[in-house]
Amino acid sequence: METIRTYIDTMFGTMPETEQVLKAKSDILDMMEDKYNALKAEGKSENEAVGHVISEFGNIDELKAELGIETEKEEKSHNKITLSDKEVDRFVAVRKKCSVGIGFGVMLLIMAAAAFIFSMALFKNGFAGISFPKPVIAIVSIAVLSLFVIAAMALLIVNGIKMKEFDKLEDKHLLISEAKQEEIKKAHKSFTKKFALIIPVGFAFIAGGIVQLVFLNKTNAFIEAASISILLCCIAFAVFLFIVAGLPHATNMQLLNLDEDEDDDDDDDDDFDTTTKAGRVGEAINSTLWSLTLIIFFVWGFVFHGWGICWIVFPIAAFLSGAVASIAKAAGSDDKKK
Amino acid sequence: MKGGVILISSDVIRGYNDTIILCLLLEGDSYGYEISKKITEISEKKYVIKETTLYSAFTRLENNGCIESYSGGDVSGGKKRTYYRITEAGRQYYAEKCKEWDVTKEVINKFIKERV
């Protein structure tokens with residue numbers, strides 16, 4: 001009987017845990033259990049009974065169609081993925097943990113710059129009357145920088161790998177059980193409030209950093225450098241806050257599919273729509289334009305030694321290219337309308 | 001095909017699963033396994049209905065209002081089963097399907113040659 005239960009769990013594994021699905025699972029299990037008991041009563045062995053029952057199970061896609069659940073093929077073509085409650089919990093937990101790791105990683109990267117500046121300034125200044133030779137200062141500072149960068153990279157790589165597991169969920173419509181949806185909605189609501197508070201705090205830190213920089217600016221070189229480092233650290237901390245709060249927030253939004261309806265950046269990659277005649281002509285003109293521009297640039301530079309000014313052909317070409325693109329688009333959309 | 005016995009394909013019988021279930025429910029309320037067992041017996045093992053097919057039919061019939069489900073009886077283990085009963089709408093639908101089958105049978109038979 002356990003085998004049968006496991007079989008059913010597997011078959012229903014990819015389905016969202018709605019009330020209807022759970023009832024179907026329970027009812028079908030009852031039917032199979034009844035059949036199993038009857039077969040055992042007839043004298044069949046455990047294996048025979050189980051084999052019999054499972055072989056008469058049928059096609060799960062038929063059931064899915066009736067319950068209005070898309071089959072995996074349909075899901076894939078509609079860009080949807082189903083997540084079980086357990087998977088949702090795991091997703092949220094991993095993202096939460098990684099947000100701290102990544103936050104720290106980025107923070108350390110920014111602080112690496114701060115540490116480098118501070119270390120250089122500190123050693124240049126010398127202390128206890130000891131002044132350090134330049135090579136030593138450079139080496140020590142770079143060592144400090146490297147330590148920070150290595151630690152940061154380690155964190156970013158490790159957490160990046162942990163998050164990779166959920167890359168498949170990017171840009172897909174996610175299906176989760178109604179109970180889970182309610183849970184996430186509530187969490188999202190309360191977290192958005194927290195998030196709204198954290199943002200100003202982060203910016204306050206940055207503002208504070210700028211203020212102290214302004215105040216301590218015209219003192220001595222060491223303090224100037226130190227205050228730059230402090231500003232960088234303030235920025236680093238603010239970024240840490242934004243990441244630690246931002247990632248879980250984005251995760252909730254992704255689970256509730258609130259991140260859809262964003263214009264896909266991929267749509268307008270091509271400057272010229274080559275399905276229209278105008279587009280093709282425009283593209284041809286554009287290529288010629290840029291080739292000509294390059295030629296003019298080099299001729300002007302080498303032959304006329306105008307290096308100081310010949311760069312101006314590029315902004316002019318960019319402007320002209322934009323004009324060609326607009327004209328091609330306008331002409332092209334007229335073509336399409338026909 | 002198994003050793004000479006011709007089994008009905010579920011594709012062919014798909015249109016009449018509902019009718020078969022309603023017929024059995026006319027005799028009295030019943031539950032999943034019992035209906036499945038009766039189908040096998042009455043058809044003399046020529047049609048063994050799959051669990052998914054059966055349950056899909058139950059869902060469909062319930063959504064159409066042809067049957068109602070309720071909790072009753074008990075599976076060994078103290079749990080309750082889901083029982084089904086036919087409704088008035090179900091009886092009417094059944095009557096229609098019976099007439100439809102008579103016509104279908106008549107038409108198809110015209111194209112089936114007599115076996116020598």
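The following paragraphs describe the contact between chain B and chain A and a nonpolar patch on chain A. This is a predicted model, in which local features need pLDDT of at least 70, side-chain atom pairs count only at pLDDT 80 or more, and totals for chains, interfaces and linings use all residues. Residues are numbered from 1 along each chain as its sequence is written, and side-chain values use heavy atoms, with hydrogens and water left out.

Chain B brings 22 residues to the contact and chain A brings 23 residues, where contact means heavy atoms within 4.5 Å. About 2,000 Å² is buried between the two chains, and carbon and sulfur atoms give 52% of that area; buried area is the accessible area (1.4 Å probe) that two parts lose on being put together, summed over both. Y33(B), E51(B) and Y55(B) account for 36% of what chain B buries against chain A, more than any other three residues.

The interface also holds 3 salt bridges, each a side-chain nitrogen of Lys or Arg within 4 Å of a carboxyl oxygen of Asp or Glu. A salt bridge joins the side chains of R60(B) and E66(A), at 2.9 Å from N to O.

On chain A, a nonpolar surface patch includes L294(A), F298(A), F304(A) and W307(A), and the whole patch has about 830 Å² of accessible area. Patch residues have over 30% relative accessible area and no salt bridge, with nonpolar side chains (Val, Leu, Ile, Met, Phe, Trp, Tyr) joined within 5 Å; accessible areas come from the Shrake-Rupley method with a 1.4 Å probe, and for residues only the protein chains shown count as cover. Helix α10 (residues 277-302) of chain A gives the most to this patch, with 5 residues; helices are DSSP runs (H or I, at least four residues), numbered from the N terminus. F304(A) lies in the loop between α10 and α11 (307-310) of chain A.

How values were computed. Chains lettered and ligands numbered in written order. Patch = residues over 30% accessible without salt bridge, like charges linked within 9 Å, V, L, I, M, F, W, Y side chains within 5 Å. Helix = DSSP H or I, 4+ residues; strand = E, 2+ residues; numbered from the N terminus.
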